[in-house]
Amino acid sequence: EVTERAQIPWLTLSYADSLTSRGFKYIFQSSPTANMQAVESLPTLIDLAKSATGKAPKTIGLIGDNTASPVNFLRPLREPGGLDKYGMKAVVDETYTPPLSDATTLMQRVRSTRPDMLLYITTTISDLKLGLDKMHEFHIDKGVVPVIGSGGANGAPEVLKNVSPD
């Protein structure tokens, strides 16, 4: 709002749709927003899950934290008709506030509903670690449920220092 009032152009790498969808004239998005990434990537993610299991997924688990990027990434999937276009239904749909102190409840829901694929969208390495550790403990990561992660934490080198390669 400050740069808009001052008419200063602002180039952003932010994934949050809330920055660029407000009608400002002086902000420019240089990368796809989280919303757009979700819509554009879902067909490929479905194909990945299908290649892992041999069948097209009909159910999905959505778990993400309540920060801007995961909220905006999962929004178009949660909206009416979002998953319907792909013949899918969310059997797990959870939003949590980071940092997680324990991922047991989240992953128990995944284990009990066995979605055909899981989107686990985290923004912190600690939340990623807790979720992956619990998936491993519950044997969710053994090809039972294809898990797809998104966010900078997934590619951080620190992950291998904190999570077993298994």
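This is a predicted model: local features need pLDDT of at least 70, side-chain atom pairs count only at pLDDT 80 or more; totals for chains, interfaces and linings use all residues.

**A helix pair and its surroundings**

Helix α3 passes helix α4 in a right-handed crossing. The residues of this contact comprise seven nonpolar, five polar and no charged ones.

Two packed helices are described by the angle between their axes and the distance between the axes. For α3, which spans residues 34-53, and α4, which spans residues 68-78, the axes come within 7 Å and cross at roughly 45°. The two helices are therefore oblique to each other. On the side of α3, the contact is made by A34, N35, Q37, A38, V39, S41 and L42, and these meet S69, N72, F73, P76 and L77 of α4.

Helix α4 also has partners beyond α3. Its buried residues are P70, N72, F73, L74, P76 and L77. These buried residues pack against α2 (17-20), α3, β3, β5 (117-121) and β6 (147-150).

Strand β3, one of those partners, covers residues 59-65 and includes T59. A polar atom of the T59 side chain lies 2.9 Å from the backbone nitrogen of D116. Apart from neighbours within four places in sequence, T59 is in contact with M88, K89, V91, R114, P115, D116 and M117.

Strand β4, residues 89-96, contains V92. Is V92 buried or exposed? Its relative accessibility is 3%, and because buried means under 20%, V92 counts as buried. With neighbours within four places in sequence left aside, V92 is in contact with I60, G61, L62, I63, R109, V110 and T113. Between V92 and R114 there are 22 residues of separation in sequence, and their C-alpha atoms are 9.0 Å apart in space.

R114 itself belongs to the loop between α5 (104-113) and β5. At 39% relative accessibility, R114 counts as partly exposed, since that class lies between the limits of 20% and 50%. Not counting residues up to four places away in sequence, R114 touches T59, V144 and V145.

Key: Residues are numbered from 1 along each chain as its sequence is written. Side-chain values use heavy atoms; hydrogens and water are left out. Helices (H or I, at least four residues) and strands (E, at least two) are DSSP runs, numbered from the N terminus. A polar contact is a pair of N or O atoms within 3.5 Å; within protein, one must be able to donate a hydrogen and the other to accept it, and residues adjacent in sequence count only if both atoms are side-chain atoms. Contact means heavy atoms within 4.5 Å. Axes are lines fitted to C-alpha atoms, for helices over the stretch in contact, and angles run from 0 to 180 degrees between N-to-C directions. Angles under 35 degrees count as roughly parallel, over 145 as roughly antiparallel, 65 to 115 as roughly perpendicular and the rest as oblique. A crossing is left-handed if the near helix is turned anticlockwise from the far one by less than a right angle, and right-handed if clockwise. Ala, Val, Leu, Ile, Met, Phe, Trp, Tyr, Cys and Pro count as nonpolar, Asp, Glu, Lys and Arg as charged, and the others, Gly among them, as polar. Buried means under 20% relative accessible area, exposed over 50%, partly exposed in between (1.4 Å probe, protein chains only).
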